[in-house]
Amino acid sequence: MKSMTGFSEASLHKDGIQFKCFVKSLNSRFIEINIRLPNSLKKHEGWIRDSIKKNFARGKIDFDLNCTTPAKDQLKLSENFLKLVKQNENVAGSKGIELADLTYLDLLKLRDSIQSDYVLSAVSLKSLVKESLSNLQKNCLQDGESTKRDVKKLLSKMGKSIAKIKKKEKQNTNHVAKKFQRLKKEFQFKDQEINVNEIVSSFSKADINEEIVRFKSHLELVTKLSESKDLIGKKMDFYSQEMLREANTIASKALIVDIKNEAVELKCLIEKMKEHAQNVE
């Protein structure tokens with residue numbers, strides 16, 4: 001079970017520049033991807049999007065990559081940068097172009113002006129993307145394990161609750177018989193005056209056996225589903241709705257307080273499970 005909610009951060013230092021990758025995931029019915037990259041790296045958006053799709057099936061995912069100079073390196077000039085400046089200065093000199101001596105402040109401004117266009121190598125970028133997505137995967141799986149434990153507790157409570165309802169099932173139908181006998185005695189009905197179809201209909205309306213059987217079946221399916229490594233979010237959401245429908249029917253057919261109370265408890269547990277279902281892949 002994997003959650004759709006997570007966050008990860010990965011960073012890489014290259015030539016005095018820090019590349020930071022932030023990936024955030026929120027729950028969504030479908031896969032939604034939003035990628036923000038520096039201008040010099042926008043050409044890589046295609047394969048980054050494909051990488052995200054390979055790792056995540058659902059969720060709203062924000063991928064943000066930026067480059068900055070760390071605070072401790074704000075006044076540093078990398079050796080590669082200085083070599084590059086010197087080389088170009090020599091080239092200009094060989095062409096007969098005289099350049100004024102650059103001050104330290106000029107060099108800092110020059111470095112900052114080209115930093116935003118710094119091109120990270122494809123190998124380094126892939127490594128950074130892979131690390132950030134891997135961290136997000138771990139985060140989502142960890143959160144998913146927590147969700148799985150809670151779902152198991154909810155399923156266990158549902159099992160106990162439906163078992164209590166099963167024990168009270170006969171009392172529910174007997175309630176109809178007792179009510180019929182009381183009315184027969186009170187109004188002194190004769191057997192030939194009794195409408196059998198109405199009696200059968202009354203017993204049918206109080207019979208909750210079918211709902212109990214279907215609920216137990218859904219409960220078993222969701223229990224197996226919670227152990228699956230496949231995508232289960234949509235299926236779990238569907239079964240939650242089916243279980244809620246059975247619980248509502250049991251509540252409407254219930255003629256005794258104990259069954260009504262247990263049906264309400266079931267509905268509360270199902271709603272909690274439904275929330276979890278909407279937050280897992």
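**Exercise 1.** State which hand the crossing of α7 and α8 has, left-handed or right-handed, and describe the packing.

*Solution.* The crossing of α7 and α8 is left-handed; that term applies if the near helix is turned anticlockwise from the far one by less than a right angle, and right-handed applies if clockwise. This is a predicted model, with local features needing pLDDT of at least 70, side-chain atom pairs counting only at pLDDT 80 or more, and totals for chains, interfaces and linings using all residues. Residues are numbered from 1 along each chain as its sequence is written, and side-chain values use heavy atoms, with hydrogens and water left out.

Step 1: α7 spans residues 209-226 and α8 residues 233-253; their axes cross at roughly 155° and come within 10 Å.

Step 2: the two helices are therefore roughly antiparallel (angles over 145 degrees; under 35 is roughly parallel).

Step 3: contact means heavy atoms within 4.5 Å. On α7, the residues include F215, L219 and V222, and on α8 they include M236, Y239 and M243.

Step 4: by class, this contact has 10 nonpolar, two polar and six charged residues.

**Exercise 2.** Describe how α1 and α4 pack, and name the residues that make the contact.

*Solution.* Step 1: α1 (residues 45-55) and α4 (residues 122-167) have axes 11 Å apart, at an angle of about 25°. That makes α1 roughly parallel to α4.

Step 1: the crossing of α1 and α4 is right-handed.

Step 2: α1 contributes W47, I48, S51, I52 and N55, and α4 contributes L125, K126, V129, L133 and Q137.

Step 3: by class, six of these residues are nonpolar, three polar and one charged.

Notes: Axes are lines fitted to C-alpha atoms, for helices over the stretch in contact, and angles run from 0 to 180 degrees between N-to-C directions. Helices (H or I, at least four residues) and strands (E, at least two) are DSSP runs, numbered from the N terminus. Angles under 35 degrees count as roughly parallel, over 145 as roughly antiparallel, 65 to 115 as roughly perpendicular and the rest as oblique. Ala, Val, Leu, Ile, Met, Phe, Trp, Tyr, Cys and Pro count as nonpolar, Asp, Glu, Lys and Arg as charged, and the others, Gly among them, as polar.
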